Amino acid sequence: MKSSSHRFVAGITVATLLAVVSGCSAGSPSANGEASAFASSTSAATTAHLWVATGDMVAARMIHTATPLADGTVLVAGGLGRGLLGPALASAELFDPDSGTWTASGAMLEARRGHSATLLKDGRVLVAGGYDLGKQLTSAELYDPSTGSWNPTAPMAEARTDHSATLLDDG
């Protein structure tokens with residue numbers, strides 16, 4: 001599993017995109033709409049990048065996951081679309097950094113926010129746990145990027161929310 005990508009797209013790296021999609025802020029557009037610069041430090045040098053606008057997401061969301069896929073696209077799944085008290089989303093979408101566009105993908109089997117999403121060695125994404133409508137979830141499902149579909153898998157032994165999941169060496 002690649003932890004970051006150095007592939008440049010429209011002046012940003014996919015790793016930088018994920019920081020933005022995931023809700024982190026390393027810089028932001030100025031109040032007058034102009035892109036502002038930020039610095040990204042590497043072991044060799046510091047490189048300046050510019051923030052650039054891209055297409056709108058299919059659905060506004062927060063407390064979702066963003067997972068880079070093997071083909072360079074990014075899977076964004078679940079979250080909340082109507083503030084902290086709204087229901088969780090089951091929807092998922094793909095970001096194509098080459099075109100700067102978002103497209104709807106298959107919906108998850110269960111709406112969730114605060115879940116984990118882990119890219120597996122075979123290219124599928126394991127989504128587990130989370131929270132919806134007053135309850136923590138034990139359920140888990142697998143996203144298959146070749147079909148855009150979600151399939152159930154064994155649930156976790158205990159419900160979890162706002163947790164992390166790490167791919168181990170044995171897969």
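Is Arg 112 buried or exposed? Arg 112 is buried, with a relative accessible area of 0%, where buried means under 20% relative accessible area, exposed means over 50%, and partly exposed lies in between (1.4 Å probe, protein chains only). The structure is a predicted model, in which local features need pLDDT of at least 70 and side-chain atom pairs count only at pLDDT 80 or more, while totals for chains, interfaces and linings use all residues. Residues are numbered from 1 along each chain as its sequence is written, and side-chain values use heavy atoms, with hydrogens and water left out.

**Overall make-up**

- The secondary structure of the protein comes to 1 helix and 14 strands; helices (H or I, at least four residues) and strands (E, at least two) are DSSP runs, numbered from the N terminus.
- Of the 171 residues in the protein, 37% are buried.
- The protein exposes about 9,500 Å², of which carbon and sulfur atoms supply 55%; accessible areas come from the Shrake-Rupley method with a 1.4 Å probe, and for residues only the protein chains shown count as cover.
- Among contacts between residues at least 6 apart in sequence, 44% join residues at least 24 apart, a contact being heavy atoms within 4.5 Å.

**Arg 112 and its surroundings**

- Arg 112 is found in the loop between strand E8 (101–105) and strand E9 (116–119).
- Leaving aside neighbours within four places in sequence, Arg 112 is in contact with several residues, including Gly 78, Ala 88, Val 127, Tyr 131, Ser 139 and Glu 141.
- The side chains of Arg 112 and Ser 139 are joined by a polar contact of 2.8 Å, and a polar contact of 2.8 Å also joins the side chains of Glu 141 and Arg 112; a polar contact is a pair of N or O atoms within 3.5 Å, and within protein one must be able to donate a hydrogen and the other to accept it, with residues adjacent in sequence counting only if both atoms are side-chain atoms.

**Salt bridges**

- The structure holds 4 salt bridges, each defined as a side-chain nitrogen of Lys or Arg within 4 Å of a carboxyl oxygen of Asp or Glu.
- Glu 110, Arg 112 and Glu 141 are linked in a network of salt bridges, and within it the side chains of Arg 112 and Glu 110 meet at 3.9 Å, N to O.
- Glu 110 is partly exposed, with a relative accessible area of 24%, whereas Glu 141 counts as buried at 2% relative accessibility.
- The side chains of Arg 61 and Glu 93 meet in a salt bridge (2.8 Å, N to O), and this pair links distant parts of the chain, with Arg 61 in the loop between E4 and E5 and Glu 93 in strand E7, 32 residues apart.
- Arg 61 counts as buried at 11% relative accessibility, and Glu 93 counts as buried at 0%.
- Another salt bridge (2.8 Å, N to O) is formed by the side chains of Arg 124 and Asp 122, and Arg 124 is partly exposed, with a relative accessible area of 29%.

**Glu 141**

- Glu 141 has its place in strand E13 (residues 140–144), and a polar atom of the Glu 141 side chain lies 2.6 Å from the backbone nitrogen of Leu 109.
- Apart from neighbours within four places in sequence, the residues in contact with Glu 141 include Met 108, Leu 109, Val 125, Trp 150 and Thr 153.

**Nonpolar cores**

- The largest nonpolar core has 11 residues in all, among them Leu 69, Leu 94, Met 108, Val 127, Tyr 143 and Trp 150; a nonpolar core is a set of buried Ala, Val, Leu, Ile, Met, Phe, Trp, Tyr and Cys residues joined through side-chain atoms within 4.5 Å.
- Strand E6 (74–77), strand E7 (92–96) and strand E10 (125–128) each supply at least two residues of this core.
- A second, separate core of 5 residues includes Ala 66, Val 74, Val 76 and Phe 95.

**Surface and chain end**

- Met 62, Ile 63, Leu 84 and Leu 85 form a nonpolar patch on the surface, with about 430 Å² of accessible area together; patches are made of residues with over 30% relative accessible area and no salt bridge, with like charges joined within 9 Å and nonpolar side chains (Val, Leu, Ile, Met, Phe, Trp, Tyr) within 5 Å.
- Met 62, in the loop between strand E4 (46–50) and strand E5 (65–68), is partly exposed, with a relative accessible area of 32%.
- Asp 170 lies in the segment after strand E14 (149–153) and is exposed, with a relative accessible area of 71%.
- The C-alpha atoms of Asp 170 and Lys 121 are separated by 9.4 Å, although these residues are 49 residues apart along the chain.
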